Amino acid sequence: MRRLLNRYIVREIAVPFSLILFVLTFVLLMGKILQLMDLMINKGIRLRDIAQLMLFLMPSFLMFTIPISLLIAILIGMGRLSGDNEVTVLKMSGVSLYQLAIPVFSTAAVAFALTAITALYLVPFGNWAAKNLLYDMARQKAAVGIREKIFIDDFRGILLYAEKIPREGDSLEGVLISDNRILREPSTIFARKAYLISDPDTLVITLRLENGSIHTADFGRKNYRKMDFHLYDIRLDLPGSLSDQGSAGRKSSTEMTVAELSAKLRRPGTDPAVAREL
């Protein structure tokens, strides 16, 4: 009798819980849908990478939607039992409120365990994996998006032109760059050759220029400077979602597990502001 009653109450809670969890998670995910669609349509990112990114972002939503869904599901499930007078019938049959509370507390314990695992392990892993995936997307976009004899403005503050790209595709020849990142002193850069360099440790994409010159003039054209170089590195920043990667190469507090947070807190010389954040 008790097992049957417990299964019945758990089912009354589990059905609305599943539905509400799906709806709430989908609503939160809708806030990212536009950015993800922009990555696929305008940035040329593959659908498989978009689906993988959505999977990595899911734990940060589930951390909030699981407890909220459980609360609403308990209110709906127990409210229906009370509204149909089933609670009254059970009490008249000798079932106490404590017995009715056992399946509710059991469901809450399962939801608590799921939320704890999600918050302590899945969320840091998902955030770190999403950052690395965004870096791979940016590297892919930088390598694929550059075409010869076409002006490329996909990079923040930089207009790039390559006269020739060899068949191997690992270098650019006859490079012209308009660098407007410093508004007061825009510069024009000429280089005979350039290479794309990606660093997985620092999550930075760099365009390394060889044998060229930098020409800088202010808006009033009163000052002009020319600098010749043998090697010159330019960091490429993609606008929008691909550049939202946080601190490159280092885990932020939202990407650390409890063990990593504790280890960093015990490290001597930790700044008080950083310690409070951790």
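Why does Leu19 count as exposed? At 56% relative accessibility, Leu19 lies over the 50% cut-off for an exposed residue, and therefore counts as exposed. The legends below begin with the overall fold of this predicted model and then turn to close-up views.

**View 1. The order of helices and strands in the predicted model.** The secondary structure of the protein comes to six helices and six strands. Read from the N terminus on, these elements follow the order α-α-α-α-β-β-β-β-β-β-α-α. The protein has 278 residues, of which 34% count as buried.

**View 2. A nonpolar patch on the surface that includes Leu19.** Leu19 belongs to helix α1, which covers residues 2–41. Together with Phe22, Val23, Phe26, Val27 and Met30, Leu19 forms a nonpolar patch on the surface, and the accessible area of these residues together is about 610 Å².

**View 3. The bend in helix α2.** Helix α2 is built from 37 residues, yet its end C-alpha atoms are only 47 Å apart, which is short of the 54 Å that a straight helix would reach at 1.5 Å a residue. Along this helix, a bend of about 40° is found at Phe61.

View 4. In one of them, Phe56 and Phe125 are arranged edge-to-face, with 6.3 Å centre to centre and 90° between the planes. This pair links distant parts of the chain, since Phe56 sits in helix α2 (residues 47–83) and Phe125 in helix α4 (residues 97–145), 69 residues apart. Phe56 has a relative accessibility of 14% and therefore counts as buried, the cut-off being under 20%, whereas Phe125, at 53%, counts as exposed. Another pair is that of Phe151 and Tyr161, which is tilted, with 4.8 Å centre to centre and 35° between the planes. Here too the pair links distant parts of the chain, with Phe151 in the loop between α4 and β1 and Tyr161 in strand β2 (residues 158–164), ten residues apart. Tyr161 is buried, because its relative accessible area is 16% and the cut-off for a buried residue is under 20%.

**View 5. A salt bridge between Lys149 and Glu163.** The count of salt bridges in the model comes to six. In one of them the side chains of Lys149 and Glu163 meet, at 3.4 Å from N to O. Lys149 lies in the loop between α4 and β1 while Glu163 lies in strand β2, so this pair ties together parts that are 14 residues apart in sequence. Glu163 counts as partly exposed, at 35% relative accessibility.

**View 6. Further salt bridges, including that of Asp233 and Arg208.** The side chains of Asp233 and Arg208 meet in a salt bridge of 2.8 Å, N to O. Because Asp233 lies in strand β6 (residues 224–235) and Arg208 in strand β5 (residues 204–217), the pair ties together parts that are 25 residues apart in sequence. Both partners are partly exposed, with a relative accessible area of 38% for Asp233 and of 31% for Arg208. Asp228 forms a salt bridge with Lys226, in which the closest N and O atoms are 3.5 Å apart, and Asp228 is exposed, with a relative accessible area of 57%. Elsewhere in the model, a network of salt bridges links Glu12, Arg80, Asp84 and Glu86.

View 7. Most residues other than glycine have a negative phi. Asn85 is not a glycine, but it has a positive phi of about 65°. This residue lies in the loop between α2 and α3, and at 47% relative accessibility Asn85 counts as partly exposed. Asn211, which is likewise not a glycine, has a positive phi of about 50°. Asn211 lies in strand β5, and its relative accessibility of 36% makes it count as partly exposed.

Key: Residues are numbered from 1 along each chain as its sequence is written. This is a predicted model: local features need pLDDT of at least 70, side-chain atom pairs count only at pLDDT 80 or more; totals for chains, interfaces and linings use all residues. Side-chain values use heavy atoms; hydrogens and water are left out. Patches are made of residues with over 30% relative accessible area and no salt bridge: like charges are joined within 9 Å, nonpolar side chains (Val, Leu, Ile, Met, Phe, Trp, Tyr) within 5 Å. Accessible areas come from the Shrake-Rupley method with a 1.4 Å probe; for residues, only the protein chains shown count as cover. A salt bridge is a side-chain nitrogen of Lys or Arg within 4 Å of a carboxyl oxygen of Asp or Glu. Helices (H or I, at least four residues) and strands (E, at least two) are DSSP runs, numbered from the N terminus. Buried means under 20% relative accessible area, exposed over 50%, partly exposed in between (1.4 Å probe, protein chains only). Rings of Phe, Tyr and Trp (its six-membered ring) pair if their centres lie within 6.5 Å; planes under 30 degrees apart count as stacked, over 60 as edge-to-face and the rest as tilted. The expected span of a helix is 1.5 Å times one less than its number of residues. The bend at a residue is the angle between axes fitted to the seven residues ending there and the seven starting there.
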